[in-house]
Amino acid sequence: MDMQRRDFLKVAAASAAAATALPSVAEEKTSTVVVVHGKDLVKMLNLGIEKLGGWGQFFKKGMKVAIKPNVAWYSTPEQGANTAPELIRECVLQAEKAGAAKIDIPENPCSPEGKAFPQSGALKAIEGTSAKLFRPDHKKGYRKTEIPKGKICKSAEITNELLDADCLINMPVAKHHGGATLSLSMKNWMGAISNASRRGWHRDGLHQCIADFATFLKPTLTIIDASRTMLNRGPQGPGDLAYPNELILSLDPVAADAYAATLFVGKVKAVTTPFDVGYIKIAHEMGIGCGDLSKVKIERIEC
Amino acid sequence: MTKKNLIRLAVFLTCGYLVLGWGLPEAAQKWALALPRLSPILSFFGAIASRRAAGWLILLGIPLLVLAAFKNRWFCWHLCPMGFAAEMVSRLNPQKGWIRSVPVLNQMLAGALLLSAVIGYPIFIWLDPLCIFNGFFAAWREPLVWLNVGTAIAFGTILLLSLIVPNIWCHRLCPLGGLQALVHQLFHPAKRGAAAGEGRFPALNRRLFLGAAAGGVAAVGGRQLTGKKSADAIRPPGAVTANFNGVCARCGNCMRACPYELIQPDLGLTGIDGFFTPVVRYRHLAPQQEQYCFQDCKACTEVCPTGALRPITVEQKHEIPMGRAVVYRDKCVAWAKKEYCVVCQEYCPYQAVIEKPQDGVMVPVIDADKCRGCGACESACPADPIAIIVRPV
């Protein structure tokens, strides 16, 4: 259940704060963003996780692990519309190594799943592992869930496996988005809800709905793939690409998104500061996390 | 049941199941849908009429012609699944005498098909028995849309007819039977007149001539008819434009093959000669997944037995405009309500929807040159009513 994940978060944060220098969102009111720069995503991921206290902080034996990449589009890994498959694979392998009871990778894609999952490389990435990549069934795959702190989005049909996970990893790709300006980690939850729910968000105030949802679904860890970033014609592309060669990791999704947004300054016209992305500004104001990067500790690692 | 009929039953059930396709892998279904191509009427007359060879699968029409040259209508009495069904139902009615008063139309029909195909509008091509059989079994699929069952009507009609006038289909009407008889007579001139099993009628020449003349007149008329009306609906990709209603055999293959359930029988949009021809209907707000004509899919064009949908490459598919999207700004949540939306831009695989800043939000504008009418925008539009709709070109 969701409570288990929250319990885990508390335990993880408390034990980490006591034992290491792992920052705690709840206690210190500051956030840390780990930015790993390099070419080898697998190495970068492991270095970043090490900085956050190692995989053991996140995956434990018997846990139900859910990973939510962005593999929504019929698009190749090089085109930057989907999360890099090697990140998905490494995460799955580490969860298996830790003895996770179940590894689910649910995604409600935009292109047909029979096209998006193979083309994104995700299907191949989980080959030979126990992880399951799937589109939730529109009738049974989601649970209608109240969002108590939501201002516009007061309830949503959320993927069962994401609600039930003990460890929830949000693993989006950073890219341009025609409707939401940028697609980052909080935007990635639109692949976690049913079509009926997400269609409503576009009608009713997209940015507020994205932030509302983030008040409820809290990832254990956010990992943003910014190895290549689509600068226009997103979210599907193909668009022009930049190559920041960065991997962004944080326990605070708002801080992670705010940092990722800075990679688009000067490249996407509408973005001059992270707060130009509506949902980052709203999420910061609602206190979901810290979007003000002057108050965020950024740890840079060269790989 | 005799051994022969047991074999016929097995053929009927096997072919029926293959076309029905329940539980079959996708690749197997594609091959099963090649069944109508065994009929030279669909394979050859279709290719002649559409002025295109529908791929090398057209060669599947040859065996039946060769068989007919040697064995006359052996196929009809041993393998044809439509003929088997018609014959079995005919047995339910003991009044065999009725058929004597019906003229032998099958060879005339075959003659009519021949000349009208040359003219480009093969009249009654949809009377082909394999097409009718296929159309029946292709209709039953999930989700069951009653409109889709349209292609099953001809099968039921033949059975009903067989109940009223036993054996009328095989002995009097079937153009494929007529064609086989004509071919056989061509190689066995001595048997002329007796080949169809009825000695009382004048030989080959007159029937063929009468049929061809009638078919020619009808074909010219048909071409006049069809050219005017076919633009009122969205056709599947690769559709021949001028004579589609004539060349299409209504076999239901394209409807069956579409993985996104977008193709349905027409009920009048494409003119009076267009009933049950395939038209594309985009489904709005489907709960499980957006349903649009996927850019790299050409499944419908791979199974058309007549060439009404010509075989195309994926590259050609990307260039074919099936229709064109139109934004209705008064209904659009971005234009009318100033919401951040442009889901249409998000889904468009051809980058034909451009987001343009307007009053602080992005609004969608269509680049008509890039739009292929695939319906991705229409199927994903969250506005109520839908604010972006694909119109025929």
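In the predicted model, L64(B), L65(B), A68(B), A69(B), F70(B) and K71(B) of helix α4(B) meet L176(B), L179(B), Q180(B), V183(B), H184(B) and F187(B) of helix α11(B), where contact denotes heavy atoms within 4.5 Å. Helices (H or I, at least four residues) are DSSP runs, numbered from the N terminus. Two packed helices are described by the angle between their axes and the distance between the axes. For α4 (residues 62-71) and α11 (residues 175-187) of chain B, the axes come within 7 Å and cross at roughly 55°; axes are lines fitted to C-alpha atoms, for helices over the stretch in contact, with angles from 0 to 180 degrees between N-to-C directions. α4(B) and α11(B) are therefore oblique to each other, the class left after angles under 35 degrees (roughly parallel), over 145 (roughly antiparallel) and 65 to 115 (roughly perpendicular). The crossing of α4(B) past α11(B) is right-handed, that is, the near helix is turned clockwise from the far one by less than a right angle.

This is a predicted model, in which local features need pLDDT of at least 70 and side-chain atom pairs count only at pLDDT 80 or more, while totals for chains, interfaces and linings use all residues. Residues are numbered from 1 along each chain as its sequence is written, chains are lettered from A and ligands numbered from 1 in the order in which they are written, and side-chain values use heavy atoms, with hydrogens and water left out.

Chain B has a mean pLDDT (the predictor's confidence in each residue, from 0 to 100) of 86, and 93% of its residues reach 70 or more. Over residues 195-202 of chain B, pLDDT stays under 50, and the model has 15 contacts beyond four places in sequence for this stretch.

Over all chains, the count of disulfides (pairs of cysteine sulfur atoms within 2.5 Å) is zero. The sulfur of C76(B) lies 6.1 Å from that of C174(B), its closest cysteine sulfur, which is too far for a bond.

In chain A, Q208(A) lies in helix α9 (residues 206-216), of which 11 of 11 residues are buried. Q208(A) has a relative accessible area of 16% and, not counting residues up to four places away in sequence, touches K151(A), I152(A), I282(A) and M286(A).

Definitions and conventions: Helices (H or I, at least four residues) and strands (E, at least two) are DSSP runs, numbered from the N terminus. Buried means under 20% relative accessible area, exposed over 50%, partly exposed in between (1.4 Å probe, protein chains only).
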